[in-house]
Amino acid sequence: MKNISIIIITYKSEKIIYNFIKKIPSTIKTIIVENSKNYELKKNIEQNYKNISVYINENNGVSSALNFAVDKIETKYFLQISPD
């Protein structure tokens with residue numbers, strides 16, 4: 001699993017994101033792009049999940065957020081999934 005990262009694009013999904021990320025194995029590097037400027041969500045997730053990085057981004061749409069996240073990954077492959 002060292003060759004894959006997970007990218008999650010989210011916007012005001014705080015109510016469901018925690019249940020969602022609990023299912024991701026801690027060995028998989030995960031990037032969350034939060035488009036709603038929820039800095040509290042970023043802080044809480046990064047404190048509790050060492051394999052997850054959260055980036056706060058302008059809400060310019062899913063494609064823009066995905067391009068932003070792809071620039072951050074360090075693996076050969078990625079999987080983009082939605083928490084909803």
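This briefing covers the sheet, the helices packed on it, and selected side chains of the structure above. The model is predicted. Its open sheet has four strands in the order β3-β2-β1-β4, paired in parallel. A search of the whole structure finds two salt bridges, and the count of aromatic pairs is one. Glutamate 34 is a buried charged residue that has no salt bridge.

**Sheet**

- The four strands of the open sheet follow the order β3-β2-β1-β4, with parallel pairing. The edges are formed by β3 (52–56) and β4 (77–81), each of which pairs on one side only. On average, neighbouring strands of this sheet are turned by 20° against each other, direction ignored.
- Strand β1 (residues 4–10) runs parallel to β2 and is joined to β2 by six bridges. In this pairing, isoleucine 9 has valine 33 of β2 as its bridge partner.
- Isoleucine 7 stands opposite isoleucine 31, which belongs to β2.
- Strand β2 is mostly covered, with five of its six residues buried.

**Helices on the sheet**

- Strand β1 (residues 4–10) and β2 are joined by six bridges, and two helices pack on the sheet that contains them. Helix α2 (residues 39–48) touches β2 and β3, and its direction makes about 165° with that of β3.
- Helix α3 (residues 62–70) touches β1, β2, β3 and β4. The direction of helix α3 makes about 145° with that of β1.

**Isoleucine 21**

- Isoleucine 21 is placed in helix α1 (residues 14–21). Its relative accessibility is 1%, so isoleucine 21 counts as buried, the cut-off being under 20%.
- Residues up to four places away in sequence aside, isoleucine 21 touches Ile8, Ile32, Ile45, Tyr49 and Ile52.
- Isoleucine 21 and isoleucine 32 are eleven residues apart in sequence, and their C-alpha atoms are 9.9 Å apart in space.

**Glutamate 34 and lysine 12**

- Glutamate 34 belongs to strand β2 (residues 29–34). Glutamate 34 is buried, and the nearest side chain of opposite charge, that of lysine 12, is 8.3 Å away. A salt bridge requires the nitrogen and oxygen to be within 4 Å, and glutamate 34 has none.
- Lysine 12 lies in the loop between β1 and α1. At 61% relative accessibility, lysine 12 is classed as exposed.
- Lysine 12 is not a glycine, yet has a positive phi of about 50°. Most residues other than glycine have a negative phi.

**Salt bridges**

- Lysine 37 is in the loop between β2 and α2 and glutamate 58 in the loop between β3 and α3, so the pair ties together parts that are 21 residues apart in sequence.
- Lysine 37 is partly exposed, with a relative accessible area of 42%, and glutamate 58 is partly exposed with 45%.
- Lysine 37 also has a positive phi, of about 60°, although it is not a glycine.
- Lysine 42 forms a salt bridge with glutamate 46, where the closest N and O atoms are 3.1 Å apart. These two residues are four apart in helix α2, so about one helical turn separates lysine 42 from glutamate 46.
- Both members of this pair are partly exposed: lysine 42 has 24% relative accessibility and glutamate 46 has 29%.

**Aromatic pair**

- The count of aromatic pairs comes to one. The ring centres of tyrosine 55 and phenylalanine 68 are 5.7 Å apart and the ring planes are at 75°, so the pair is edge-to-face; the cut-off for that class is over 60 degrees.
- The pair links distant parts of the chain, with tyrosine 55 in strand β3 and phenylalanine 68 in helix α3, 13 residues apart.
- Tyrosine 55 is partly exposed at 27% relative accessibility, and phenylalanine 68 is partly exposed with a relative accessible area of 24%.

Methods:
Residues are numbered from 1 along each chain as its sequence is written. This is a predicted model: local features need pLDDT of at least 70, side-chain atom pairs count only at pLDDT 80 or more; totals for chains, interfaces and linings use all residues. Side-chain values use heavy atoms; hydrogens and water are left out. Buried means under 20% relative accessible area, exposed over 50%, partly exposed in between (1.4 Å probe, protein chains only). Lys and Arg count as positive and Asp and Glu as negative; His and the chain ends are not counted. Two strands pair if DSSP finds at least two bridges between them. Axes are lines fitted to C-alpha atoms, for helices over the stretch in contact, and angles run from 0 to 180 degrees between N-to-C directions. Contact means heavy atoms within 4.5 Å. Rings of Phe, Tyr and Trp (its six-membered ring) pair if their centres lie within 6.5 Å; planes under 30 degrees apart count as stacked, over 60 as edge-to-face and the rest as tilted.
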